[in-house]
Each structure stands twice: as C-alpha cells, then as structure tokens.
Amino acid sequence: MNDEKLGRIAEPETISVDGEVIQPSGQKSLPPVLAAAIVKAQSVARAVGKDGKNKFHQYKYASAEAIIEEAKECLAAAGLALFASHWNLGGESNGKSIGRIFVTYQLVHESGCVVDIQNSSPVVPERGRPEDKAEFGALTANLGYTLRGLLLLAREDQSTSVETRDDRGYRRDE
C-alpha cells in the first residue's frame, strides 16, 4: 500500500481518541461519558431480523439498512451519533477486488466528546455491479459492519449464518 498516496491509515477496527490511536491492548481508555453511553447503547440493542435474501446462494441476511435503523435507535437512546467523516479507496487490486475502501467514522456524544473509528472493506465489482456501484456498496456494507461491531448486534437466526454455510461446491461464473 502506498502510504504517500493514501496518507496514514490505521489498521481496520482501530479507535482513536483526540488523534491518538488506541491499540487493541487498550492502553488508553475511552472518556467515561463515552464508555457509559456505548454500554447503554449496547444494552438496548436488539437482534436484527433477516429481511434480505441472496437469490444466488439462497440464504437470508440482515440488510445494512435494517442494521442502520436498529443502530440509529440505540445510539440516539444513549445520546450518540455516528457518521462517516471521510473515506478513500486504496490498496492493491487482486483480480477480484479493485482495492479497499478505508472509512473514518466519528462517534459523537451529546456532551461533545468525539472518537474516531476506522474500518475498511474490499471493493468487489462484478457483472451487473460496475466499479462505482461496488464502491458505494462497500461503503454501505462497511457502515453496517461497523455498527454491528460497535453495538454487538446479534443475528436473529444463527442456523442460517453465512459463516456456517457450506460453500465448498461454489464455482464462480467467469
């Protein structure tokens, strides 16, 4: 990855407070008002129903829109809001993806406390999904997964989870 072209990008799923990156070891704690608000938001979060269906692979999933709706309610109840402050496309093309979308979100508390959350997702164009649509689709999926991780939003039905699906027989239509 070309750091000069992309600028300094933190590893996916890192958090920065006042510009200082917090490593997974948790060496710097979140401001207490923000930590309490996140705990409150997680405590009111409900499982998100599977309202979408992948017609090709025949499985149900919770759409990013359903996750966003649930997350907005939980965040608002705790005096929080989340928005994308900036994003860019970077990384290397590998034949399937044209790179990754790197997004910085700001988690804002009504007290004025702000924390940056950074995450990335692959951008994968396919037949019927040109590069521009793949990029915006990756942005939407990234937001959904960021909110799911922040609020620990459960799946309504674990038995049909994409992680438990057997895809060994799948052959990509070239």
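**An aromatic pair and a helix**

Phenylalanine 136 has a relative accessibility of 49% and so counts as partly exposed, since the exposed class begins over 50%. The model that gives this value is predicted.

Tryptophan 87 is also a partly exposed residue, and its relative accessible area is 36%. By the rule used for ring pairs, the count comes to 2 aromatic pairs. One of them joins tryptophan 87 and phenylalanine 136, with 6.3 Å from centre to centre and 75° between the planes. The arrangement is edge-to-face, because planes over 60 degrees apart fall in that class. Tryptophan 87 belongs to strand β5 and phenylalanine 136 to helix α4, so the pair ties together parts that lie 49 residues apart in sequence.

Helix α2 runs over residues 32–44, which makes 13 residues. From its first C-alpha to its last it reaches 19 Å, close to the 18 Å expected at 1.5 Å a residue.

Which residues of α2 are buried? They are Leu34, Ala37, Ile38 and Ala41. These residues cover an arc of only 100° around the axis, and therefore sit on the same side of α2. An α-helix has 3.6 residues a turn, so residues three or four places apart point the same way.

The buried residues of α2 are covered by several elements, including α3 (64–77), β5 (80–90), β6 (100–109), β7 (114–122) and α4 (131–151). On the face of α2 turned away from its buried side are the exposed residues Pro32, Val39 and Ser43.

Methods. Residues numbered from 1 in each chain as written. Predicted model: local features only at pLDDT ≥ 70, side-chain atom pairs only at ≥ 80, totals over all residues. Heavy atoms only, no water. Helix = DSSP H or I, 4+ residues; strand = E, 2+ residues; numbered from the N terminus. Expected span 1.5 Å × (residues − 1). Buried < 20%, exposed > 50% of the residue type's maximum accessible area, 1.4 Å probe, protein only. Arc of directions from axis to C-beta. Contact = heavy atoms within 4.5 Å. Phe/Tyr/Trp six-rings, centres within 6.5 Å; stacked < 30°, edge-to-face > 60°.
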